[in-house]
Every structure is written in C-alpha cells, then in structure tokens.
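Please open the model in a viewer and follow the selections below in order. The tour begins with a pair of helices and then turns to aromatic rings.

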Amino acid sequence: MMGTSAKKKVSLRVLNKPKHGAAKSAKPDARLLDAEQFLLPTYKRQPVVMTHGRGAYVFDSTGKKYLDFLGGIAVNALGHAHPRIVKVIRREAARAIHLSNLFHNAYQGPLARKLATWSGMDRVFFSNSGTEAVDGAMKLARLYGRQPNEAAGTTAKKHRFLALENSFHGRTFGAVSVTATEKYRLPFAPIVPGVEFVRFNDLADLEAKFDDTVCAILLETVQGEGGIYSVSEEFWNRARALATQHSALLIADEIQCGLGRTGRCFAYQKFSAKPDIVLIAKPLAAGLPLGAILTTEEVASRVSPGMHGTTFGGGPLACATALEFLKIVEDEKLLENIRARGAELRDGLVKLASKFNFIREVRAEGLMIGVELSIEGAPFVSEAMQRGLLINCTHDFTLRLLPPFLITRAQVREFLQLLELVLGTTPKKAVASESARTADLNRVAHATAR
C-alpha cells in the first residue's frame, strides 16, 4: 500500500506535469513538497510558487504572468513593487526595522495624524493585523460600557455585542466570535459569550435585539468575504441612533472596504453619521503587516497605560511604508482612478451578465466587486488562473474582484476579455445540492432586504 508521503509526491508530480513539450522527467518543485509536508493545512493553496510581481501583474516560478484581480485579498492596493514603496522599505530597513513601543519612533505620530485627517477620528492604536484590531476594539467596547460602580472582573451590565449575519471579522478568538459564518466559528465553540447576530439591513431585527446590555454593534460597511454587500443608509443611521440611545459604540470594520477601496477614504463616509471606532488593515502598509484602531477622544479617554498593547504593531518600517502609501493615494489621485475604473468594470460586467444567464447580479462599490452566480464559482476561478487571471470565490457562488487602485483602462479591458473567455469556456458545474443553494438564496434574500 502506498504511504501518505508517497501519495503526496505523486499528487504534486501530477499537478506540476510539464506542458508544451517540456521534458517528462521534470522533478516536482521541492518547495511545494516542503510546504505539503511541513505547513499546517489551513489553506487550499494552488500548486504553483509565486515569485514576484510588477504593477497589476504577478509571476510564478515558470515565468507565467497573471493579471492580479485578487490583490492579496485587498492588500496589494498599489499592485506590486511600486517604486516609491520599494524605496521607503529599503531606506528604513537600513535604519530600524523594529523599536519597542516603550519609545517613540519617527513615523507613528505622523501616520496617526494622517489617519485622523482621513477618517475624522481623534486617536489611533496600531496593531499587527485586522483581526487583532477587532479584538482590541471589542476590549475598548467592554471597557467603555463598564460603569464606575462595576468592579473589574465582574460581568458588566453592558457586555453584549451585536454583529451582522453573513459577517466576517477575522480568525482570532474575539474576531471569530463576532463572525456569523458558522464554518469559521462553530469548530471553536464555546466562544466569547454575549454575541448576537442581526439580520443584514433588517431594521426590525436590529431594534428587537438592541437594548441597554449592548456595549457595541460591529459591522462591515461593505461585507467582503460575505460577497460584497453594502449596509444601507437607513440601517446605518438606525444603528447609529440606537448606539447613541443606549450608550453603546458603533464599530465600523473597514479592514477590506476602507482606505480608498470604494473610491472614498472610508466607505462609511457616504453616510452623514460617523462611527465611534474604525478598524483598518489590509492595504495600510502596502503589504507589510499593519492594522489600526481609530477612535474618538471620548472612547480613548477610558484607556490608561498598560490596559492594552502590542509588540510589533506600529514599528518604524511598517509606519513609514503606510505613510508613503497614503501619500501615493493622494499624489497619484487614486481615489479618482478607483471611481472611474470601478464604473468601467461595473458596466462591462453588466454587459457580460446579459450574455451569460448564470450571472445573477453584479454588486460593486469602487474597486470592490462581487459577481453573483447561480452556479458554483470555483471552476471559473481555476479556469481563470489557467488563462492568466487571478480572482477568487466567496460563499461558493460569488466571484470577488479586488484589483489594485492603480489599475488602468487598458487592464480593465484585458480583464473583461479574459473573464468573458473564462465564462464562455468553463464547464458549468451543477449546483452542489438543493439544500446548499436554498441556504445561499436565503442569505442573499437577507442581504438584499431593505
């Protein structure tokens, strides 16, 4: 009987079978074998090794070129190897990569000022990631809700969190507790107590579940992993009013939709009312790990030294790079480009929807786009990669598109041509099961309710 290790090697040989007349004796890439043997199996990775990128394109170890409409899942907002980012990283790496948060560095203060200007918030805490920012915001909400007569260590009256159905907020214990998608949450039960989920954009459900025990409502202004669904203005305004009424916090998770992705500095800026806390990460440091909690002076006043912290968050290399990222967005007028290219993409996708009846809906805000299908999306993702296009699929039926902010008109045309070819040639896979599709349709119904 063939052992597990041998099976893995055979599998990788098949996946890396040479093409176009290459020698049949080509050996599998040792790096893939190492990954298969030693990495924790948390991802279904494609059997290729990506080696470098340039602008809106990435390249694998065979030299194959891909148009990148995945963007590191919204991280690579400036594409790859932007010369100004490369220059800053080289300069700062030669100065100081890390300095303890027991000292100031040259870039934390200026970056905090810039983020406050962009967001309208007052104070900033830098984290390593988006999910760490979510956990920190949950701690702030519990801290803000605790009354002076409630002793530390006891359960405060205001301790409950409201989050939205179809949400995704991260992988740490706190963040996964406010993530509605059961496949991410349930394997780790029991999770953080006191969380209840509100039906997306459902005012009656929001009002029924919001009371004086709620310390915060946490929502993505535009749901990303959930399939590109936008919170309605009516729902946002009601959540803001209820949070104010019950002395709770409105927390906007803009980790994927913020920092320009929708054509605004922040997606919530299309509304007149502001949140109490804003969470960011993804593109902030142009690919280096960096997240942040942005908040008001009122919330920040509850914090004292030692109550929260981080080892790596806000290091000089990451903050210098983030400051340069924000300057590039301003200098190159990328918000304007996002709006223009986003409109072109939406128009092009709507035209494709008229050609392919399995496209149910196109949802878009700037360069954050979801193409809802009536059939499974995974085969299209695989076919797209074969043809040199990187996209992904969320919730089985939505193709998610997250191109870089600097995408050009020509690259939009290239993408639309490639996608039309993919849609027209990919074998159509039947829906996995009637129950799965029914559940998905129910999700869509909730998400589109107004």
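In this predicted model, begin by selecting the residues through which two helices touch: Arg 84, Ile 85, Val 88, Ile 89, Arg 91, Glu 92 and Ala 93 in α4 meet Leu 317, Ala 320, Thr 321, Glu 324, Phe 325, Lys 327, Ile 328 and Asp 331 in α12. Sorted by class, this contact between α4 and α12 comprises eight nonpolar, one polar and six charged residues.

The crossing of α4 and α12 is right-handed.

Now turn to the aromatic side chains, where a search of the whole structure finds nine aromatic pairs. Select Trp 236 and Tyr 268, which form a stacked pair with 6.4 Å centre to centre and 0° between the planes. Trp 236 belongs to helix α10 (residues 233-245), whereas Tyr 268 lies in the loop between β10 (249-253) and β11 (277-280), so the pair ties together parts that are 32 residues apart in sequence. Trp 236 is buried, with a relative accessible area of 0%, and Tyr 268 is also buried, with a value of 1%.

For another aromatic pair, select Phe 356 and Phe 358: this one is tilted, with 5.6 Å centre to centre and 50° between the planes. Both Phe 356 and Phe 358 are buried.

Definitions and conventions: Residues numbered from 1 in each chain as written. Predicted model: local features only at pLDDT ≥ 70, side-chain atom pairs only at ≥ 80, totals over all residues. Heavy atoms only, no water. Left-handed = near helix turned anticlockwise from the far one by under 90°. Helix = DSSP H or I, 4+ residues; strand = E, 2+ residues; numbered from the N terminus. Contact = heavy atoms within 4.5 Å. Nonpolar A, V, L, I, M, F, W, Y, C, P; charged D, E, K, R; others polar. Phe/Tyr/Trp six-rings, centres within 6.5 Å; stacked < 30°, edge-to-face > 60°. Buried < 20%, exposed > 50% of the residue type's maximum accessible area, 1.4 Å probe, protein only.
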